[in-house]
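The sequence and structure are shown first.

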Amino acid sequence: MVCPVCDTRYTETEGRACRRDCPLQRGCRLLSCPYCAHELPPPTRLTRLLARWLGRSEYAI
Amino acid sequence: MQPSTATRRADLRMVEGGAARDEPLSPPTPRRWRIALVGNPNVGKSVIFGALTGAYATVSNYPGTTVEVTRAAARSDATVEVVDTPGVNSLTPQSEDEQVTRDILLSGVDLVVQVADAKNLARALILSSELADAGIPFVMALNMMDEAADRGLRIDAGRLSAELGVPVIPTVAISGLGLRDLADAVPRAAVSRCRMHYSVVVDRALLRIERLLAGHSVSQRWLALMCLAGAETMRSWMLEHVVATARATIEATRHDLQTEMGAHIGYELHRQRVRAAEQLARRVTTVLHDEPVTNAPTTPETIIGVMALAACLALFSADMGVIPSTAIVWIRAAGWFVLVLAAMVAQGSATMRVALGRWASRRRSGPLVLFVVLYVLYQFVGVFAAGTAVNFLEKTVFGQYITPIIVGGIDTLAQAVAPSGAAAAVFQLARDLVVGPYGLVTVALTYALAIILPIVTAFFLAFSVLEDSGYLPRLAVIVNRVFRAMGLNGKAVLPMVLGLGCDTMATLTARIMETRKERVLVTLLLALGVPCSAQLGVILGFFGSLPLWAPLVWGGVVLGVLFAVGWLAARLLPGERSDLILELPPMRRPQLSNIVIKTVGRLQWYLREAVPIFVLGTLVLFLADATGALSRIVRAAEPAVVGMLNLPPKAAEAFLVGFFRRDYGSAGIYDLFQHGLLTPVQAVVALITITLFVPCVANFFIIVKERGVRTALAMSAFIFPFAFVVGGAVNIALRSMGLQ
């Protein structure tokens, strides 16, 4: 992932780890930038399929 | 992996001294070696920590703080402890995170692995100079070399190592490159000889303080620098370690220097350090190709920018009814043509994007760019999505097909089964649960899928364009200026801007604030007046159905309340302000494929999270209605809802469900307006009240967790009546102006 606010590059695990305190973590599962906490939706089967179809490998800019 | 001989010898001397005095009968337990990973935020420390240590790490809060520190044994030697410290921009602390890192270093570490971001070397070298002043041996991992190369930066690691006097190892931690070399270099860590040379007056003051601090195991120069910089957190350390007369002399020295320099000492020291770091970074860096970031906007770009602004103002005037009706069609056509043209130029021209980036973050032009962004957002989300898509989904798809089909199915089933007595009553209850006034289909699914989904889809699309373009950090710069005018800490900007995504996460981000009072203040402002993305989307969608004065009144009141509360609180909470340090990425061309993927991802998240909560909220309403509790709540709320706000009693239900999710409450008000139960004035009053109203349940619980039950209850006790008082005042003001 690349954070669109601060340009931080982070992995899905890092994005999950930094928001373990959120009471909705199980429900919402958004990823959060380890530096500025800006949120991105987690990759799902559908988004991965879309990414492959559109020729992109990950959330990037 | 063992520390250098020099470091080991220094430490052995300390152990031997103690042993000679005490003559212990049993051999002393060998002290565990400690290596600290230090670096700016987000430079890949955690990845390097993982590479240097084994699988078993301990994560615990640093004593007395909420900051987490990770420790583990080194992979190559179990007697060596590796500590992953929080990311810092300076060792003179301005936040709890920075204080924890400073305290870990103060408590005594044997050596440091400094992780540096190669593409932002100057920022890392500021820390290096502080480590040099602290006299702590270190080795530098020059990380993210691949990203630096992508930006056309080539760093001469050998020359940097020679200048610093410490090993410098180029790494790409995320792909494991250079990590073995780094582990091998750790034993060669050394104290850097690259010490800062401050001005004569500063050096004189430093020497004077250093003499007073002689005898402490930590570098006297570093301690003296922190005392001079006025680090608040040094006060407790000095009380414990420095005698009263010396403390008084240090304070007098600091005061004299402050008078002589005429500027804040901490700021001046930092400025000198930044200048030296930038000079060193320039000496070791070769720029292979220049980014066009430094180019000033040329005449054609300025003309296009001015035309886009003029087009937006013309469209806005047309919406306000200022322009004669005969010219409106032409004005609209020309306005949108110019805006689309400007967007196409920005999409294709790098220099136009650079110019746009400059305008977006400048003092005078920034608010004008924000006006254009908000206007286009309002037209896309409010007028297009909420006007067209919601009408189609709610009135056609749900109104003509889904609800009638389900009602027909249930009625057919009722006729076939023909229940009687108690069974009939149960059947009627089940029917109401599905399609009654508080039914899962008629309320939960209609709100979630027919009203909010099309609006948030448009909002998420627009938001993805904004975030991929690089506009959001520039918005933070503009907000920072407002915060400075309020007298608030610059660091408060980040949580406040992030609150537009999710207030719950933003409340967690308030940890970066320096003092507890500041954290409480930011949490209060977030809970009070920053709508989350879903609520903001619904409110923007709502504005499409209201006169143009409605968004102006809503925005003016909410921003005015935030400004007033913030200004007042800043007066009540005196203290030094800190600066906002945010690296501005370049303005980019948003990629359609990326926008589509992110919007789909966000919609999936929304459907997974919001729909169950909508169902839960509707169930609560249904049960409250079935047991008669709802009518009692509505009656109890009547003095406030009807008396103060002049709203129909049914609006109380929207406030009730607003506690589950803020967008649910806003959608309830929207639904009332669509059914003709609210006038525009009532709608604006209700929207202002629900924006300022108590936070959603998730946000409330995170406030309890972060700030404690008492603070959370106190905040709610303030916000709840305050929101109604402001709503009531707006109601009186709008009516006295003759608006309906």
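## Helix 12 of chain B

The exposed residues B:Arg271, B:Arg275, B:Gln279 and B:Arg282 sit on the face of helix 12 of chain B that is turned away from its buried side. The model is a predicted one. The buried residues of helix 12 of chain B include B:Ile265, B:Leu269, B:Arg273, B:Ala277, B:Leu280 and B:Val284. An α-helix has 3.6 residues a turn, so residues three or four places apart point the same way.

The length of this helix can also be checked. Helix 12 of chain B runs over residues 265–284, and its 20 residues, at 1.5 Å a residue, should span 28 Å. The C-alpha atoms at its ends are 29 Å apart, which agrees with that expectation.

Strand 6 of chain B comprises residues 138–143 and is mostly covered, with six of its six residues buried. Both of its faces are covered. On one side B:Phe138, B:Met140 and B:Leu142 are buried, and on the other B:Val139, B:Ala141 and B:Asn143 are buried.

Strand 6 of chain B pairs with strand 5 of chain B (residues 111–117) in the parallel sense, over six bridges. Within strand 6 of chain B, B:Val139 is the residue opposite B:Val113. The two strands form a right-handed β-α-β unit together with helix 4 of chain B, residues 121–134. Strand 6 of chain B also pairs with strand 8 of chain B (residues 168–170), again in the parallel sense, through three bridges. In that pairing B:Met140 has B:Val168 of strand 8 as its bridge partner.

## Nonpolar cores

Which residues touch the most other members of the largest nonpolar core? They are B:Ile452, B:Ile455, B:Val684, B:Ala686, B:Leu687 and B:Ile688, in a core of 138 residues. Helix 18 of chain B (residues 440–469) gives the most to this core, contributing 18 residues. Another core lies apart from it and has 80 residues, among them B:Leu37, B:Ile169, B:Val186 and B:Leu225. In soluble globular proteins, nonpolar side chains tend to be buried together.

B:Val684 has contacts beyond its neighbours within four places in sequence: B:Ala550, B:Val553, B:Trp554 and B:Leu734.

## B:Leu313 in helix 13

B:Leu313 belongs to helix 13 of chain B, residues 299–320. Is B:Leu313 buried, exposed or partly exposed? B:Leu313 has 15 other C-beta atoms within 10 Å and is therefore partly exposed. B:Phe371 lies 58 residues from B:Leu313 in sequence, and the C-alpha atoms of the two are 9.2 Å apart in space.

## The two chains

Chain B contains 31 helices and nine strands. Of its 740 residues, 44% are buried. Among the contacts in chain B between residues at least 6 apart in sequence, 74% join residues at least 24 apart.

Chain A has three helices and two strands, in the order α-α-β-β-α along the sequence. Buried residues account for 46% of its 61 residues. For chain A, 48% of the contacts between residues at least 6 apart in sequence join residues at least 24 apart.

Conventions
Residues numbered from 1 in each chain as written. Chains lettered and ligands numbered in written order. Predicted model: local features only at pLDDT ≥ 70, side-chain atom pairs only at ≥ 80, totals over all residues. Buried ≥ 20, exposed ≤ 12 C-beta atoms within 10 Å, placed from the backbone. Helix = DSSP H or I, 4+ residues; strand = E, 2+ residues; numbered from the N terminus. Pairing = 2+ DSSP bridges. Right-handed = clockwise from strand over helix to strand, strands pointing away. Contact = placed C-beta atoms within 7 Å. Core = buried A, V, L, I, M, F, W, Y, C linked by C-beta atoms within 7 Å. Expected span 1.5 Å × (residues − 1).
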